[in-house]
Amino acid sequence: MDATRFSPNDIDFSPLTECDYKAIPFFSCGEEKLDKFFLTEMPLCAKYHYLSPYKCTLIQTGEIVALFTLANDVVLLEYEDIIDLLNYKHEYSGIFPRQTSYPAVNIGHLAVRNDLQSKGIGSMIVNFIAATFSNQRVSGCQFITVDALNNQRTLDFYQLKLGFEFLTFSDVGKESRRMYLDIFTQL
C-alpha cells in the first residue's frame with residue numbers, strides 16, 4: 001500500500017449536499033454498518049437536522065475520501081472526571097466544578113475511504129472540527145465527543161493517536177464506546 005500521507009492542503013472540508021448523495025454508493029470505508037448508514041440513513045437524518053453531514057474531497061480531483069457527521073451534544077462528567085479536568089492548566093478550569101454539563105459537538109460517524117486509511121485523513125478531520133468549534137462564535141463548545149466503534153483499531157485511533165478519553169466504563173462490552181476530547185488540547 002502507498003505510504004503517501006495527506007496534508008490539510010490536499011483536502012477540502014465542506015458540507016455534504018444532496019447533489020453529493022449520488023457518489024455515496026461508490027464510497028466504502030470497509031465497515032459495513034458505516035457504509036450502510038451513509039447510504040441509507042444519513043440523508044433522512046440530515047433532512048430533519050438530526051445531524052449535519054460533511055465530506056472531505058481531494059482538492060486536485062474532487063473525489064470524496066472521507067465522510068463524517070456532526071451534531072450538538074453535551075458531556076455530563078462524573079465527579080472524578082471533573083477533578084481530572086481541574087489538573088489541566090487552563091484559565092477556565094475553576095469554572096468546571098460549578099457546572100453540571102459541558103457543551104460539545106459529536107462526531108456521529110466518521111469514515112475514511114478504505115484504500116486511504118492510515119494516511120492522516122481522520123486526524124485532519126478531528127483537527128478541523130477542533131479548530132472550527134474553538135474559533136466559531138455561534139455557541140459555546142468545549143468538547144468533541146464520539147461513539148467510537150468498539151474495536152481495537154478504532155479505539156487506538158481515538159485514544160492513543162488523538163488523546164480522547166473514555167466517558168464511562170459501563171459501555172466496555174457494547175458495540176461502541178463513548179469518548180470525549182477537550183477541544184483546546186487539540187490546538
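1. The structure holds nine aromatic pairs, where rings of Phe, Tyr and Trp (its six-membered ring) pair if their centres lie within 6.5 Å, with planes under 30 degrees apart counted as stacked, over 60 as edge-to-face and the rest as tilted. One of them joins Y102 and F143 edge-to-face, with 6.2 Å between centres and 85 degrees between planes. This pair links distant parts of the chain, since Y102 belongs to strand β4 (residues 102-112) and F143 to strand β5 (residues 143-149), 41 residues apart. Strands (E, at least two residues) and helices (H or I, at least four) are DSSP runs numbered from the N terminus.

2. This is a predicted model, in which local features need pLDDT of at least 70 and side-chain atom pairs count only at pLDDT 80 or more, while totals for chains, interfaces and linings use all residues. Residues are numbered from 1 along each chain as its sequence is written, and side-chain values use heavy atoms, with hydrogens and water left out.

3. Y102 is buried at 1% relative accessible area, and F143 is buried at 0%. Buried means under 20% relative accessible area, exposed over 50% and partly exposed in between (1.4 Å probe, protein chains only).

4. F157 and Y158 also form an edge-to-face pair, at 5.0 Å centre to centre and 70 degrees between the planes. F157 is partly exposed at 21%, whereas Y158 is buried at 5%.

5. Ring pairs also link F13, Y54, F68 and F128 into a cluster. R177 lies over the face of F166, 3.9 Å from the ring centre; the criterion is NZ of Lys or CZ of Arg within 6 Å of the ring centre and within 35 degrees of the ring normal.

6. N106, in strand β4, is buried at 9% relative accessible area. Its side chain makes a polar contact of 2.9 Å with the side chain of T145 (a pair of N or O atoms within 3.5 Å; within protein, one must be able to donate a hydrogen and the other to accept it, and residues adjacent in sequence count only if both atoms are side-chain atoms). Leaving aside residues up to four places away in sequence, N106 touches T69, L70, A71, D73, T145, V146, D147 and R178, contact meaning heavy atoms within 4.5 Å.
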